[in-house]
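These are comments on the model shown below.

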Amino acid sequence: MTKFINPGLSKTSRRNVLRGSVLAGAAAMTGASAMAGRRAPRLDIANQTSAQLYKAAGEQTADSTAKPADLSGYTRVKQELVAPPFAPEHEQVATGGPKIIEITMETEERLMVVDEDTGASVWALTYNGSVPGPLIICHEGDMVELTLRNPVDSMMEHNIDFHASTGALGGGGLTHVYPGEECVLRWKATKPGCFTYHCAPGGAMIPYHVTHGMNGAIMVLPRDGLKDAAGNPLRYDSIAYFGEQDYYLPMDENGDYKTYDAAGDDYADSLEAMRTLVPTHQVFNGAVGALTGENALKAKVGETVLMVHNSCNVDSRPHLIGGHGDYVWESSFTDPPLTGMETWFVRGGSAAAAMYTFEQPGVYAYVNHNLIIGAMLGGTAHFVVDGDWDNALMEQVVAPRSFET
């Protein structure tokens, strides 16, 4: 196989990807409640458990008497999605009336290096080739119109569940696409905040896809922008987008990580590892060190950064070492933000936002403050901040020196 840098991710030597032909896979057999017609699965292995979990949803039929959505007054806008940890171009305060935000995402199954030091790798299941999937941004009252494509050479069925949406399993019941298929889903963003999205084919395939990287976040901003508890406007200079990913990578009898020729080949071994509920890695943005070293995030003293943190499967406790959460939204943007937080909480299956204005130069570590995860499993990122030091905030009065007793 040929090694190359994953073009869908920010550049990093720890995220080399191997592309190869895939011959076998596993997928869920789910009812086709909103599909044009029932299709026989075209994959070699079917997860029968999935059919049971989504049976009720699969028996739904689209209501032919429902009136078409009234789209009068909406303006169509294409949003170009970008690879994490960056955010697409957007307005912090909405101008004009509500919009239909058109986005396109393509599922991609690719072999990704998780940790170069140990050789650990995973056949990642992704949206647009990155772990996490790209950040989507809209405003309350906008429509999100997604074209979801599953390439013909994929091995698995995929779909998408938006936690920010209403009905049909978050859209999961309307977006099942087999290899070579595409669908279009439109939904209204009625609740402001940061929310998870993820693949949810059904049954054991739900955690399998999620723990293989198929998740991301959408931020629904209030139309008049973010505000503090007194209603004063809050602005940010940039967004840093983190996806906390737990991996459960199978090992052999010698404790070495197993390798597989194709996406889906690890299905049985992965389920066995997942049942332990003990991740082998818990990393930011797909791999150990993905946001450190030459790939560290950059900022300047005086700049305000909005940190959006998605954690689809496990609880997290983000902490910015040397800084704080000036304003933290653990839930909806309609709730007053928490202020002056040292560590905040991201519930598994959700996303949260924290805003901080850097006051000192240097390297700041953004970590999961379960320090076992932060230091040993990979949950660490770095900000490198340029600017002038302020001794009024901190000063080394005496450098380390020996002393006599």
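1. The largest cavity has a volume of about 70 Å³. A cavity here is a set of points, on a 1 Å grid over the protein atoms alone, where a 1.4 Å probe fits but cannot get out; the volume is the space filled by probe spheres set on the points, with grid points joined across faces, edges and corners. The structure holds one cavity of 30 Å³ or more.

2. On provenance, this is a predicted model, in which local features need pLDDT of at least 70 and side-chain atom pairs count only at pLDDT 80 or more, while totals for chains, interfaces and linings use all residues. Residues are numbered from 1 along each chain as its sequence is written, and side-chain values use heavy atoms, with hydrogens and water left out.

3. Which residues line the largest cavity? They are Leu111, Ser121, Val122, Trp123, Leu249, Pro250, Lys258, Tyr260 and Asp266, a lining residue being one with an atom within 4 Å of a point. Strand β7 (residues 120–127) supplies the largest share, three residues; strands (E, at least two residues) are DSSP runs numbered from the N terminus. By class the lining has six nonpolar, one polar and two charged residues, where Ala, Val, Leu, Ile, Met, Phe, Trp, Tyr, Cys and Pro count as nonpolar, Asp, Glu, Lys and Arg as charged, and the others, Gly among them, as polar.

4. The largest cavity lies between domain 1 (71–224) and domain 2 (240–386), because both give residues to its lining. The domain bounds come from an automatic or database domain assignment.

5. The largest pocket has a volume of about 290 Å³; a pocket is an open set with protein on both sides within 12 Å along at least five of seven lines. Of the 20 residues that line this pocket, Pro85, Phe86, Ile239, Leu297 and Lys298 are the closest to its centre. The elements giving two or more residues to the lining are β14 (238–247) and β16 (297–300), and β14 gives the most, with three.

6. The lining of the largest pocket divides into eleven nonpolar, five polar and four charged residues. At least three residues of this lining come from each of domain 1 (71–224) and domain 2 (240–386).

7. Four strands form an open sheet of mixed pairing, in the order β8-β13-β12-β10; two strands pair if DSSP finds at least two bridges between them. β8 (136–139) and β10 (161–162) stand at the edges with a single partner strand each, so one side of each has no neighbour in the sheet. Strands β12 (residues 193–198) and β13 (residues 215–221) run antiparallel and are joined by six bridges, with Gly193 opposite Val220 in β13.
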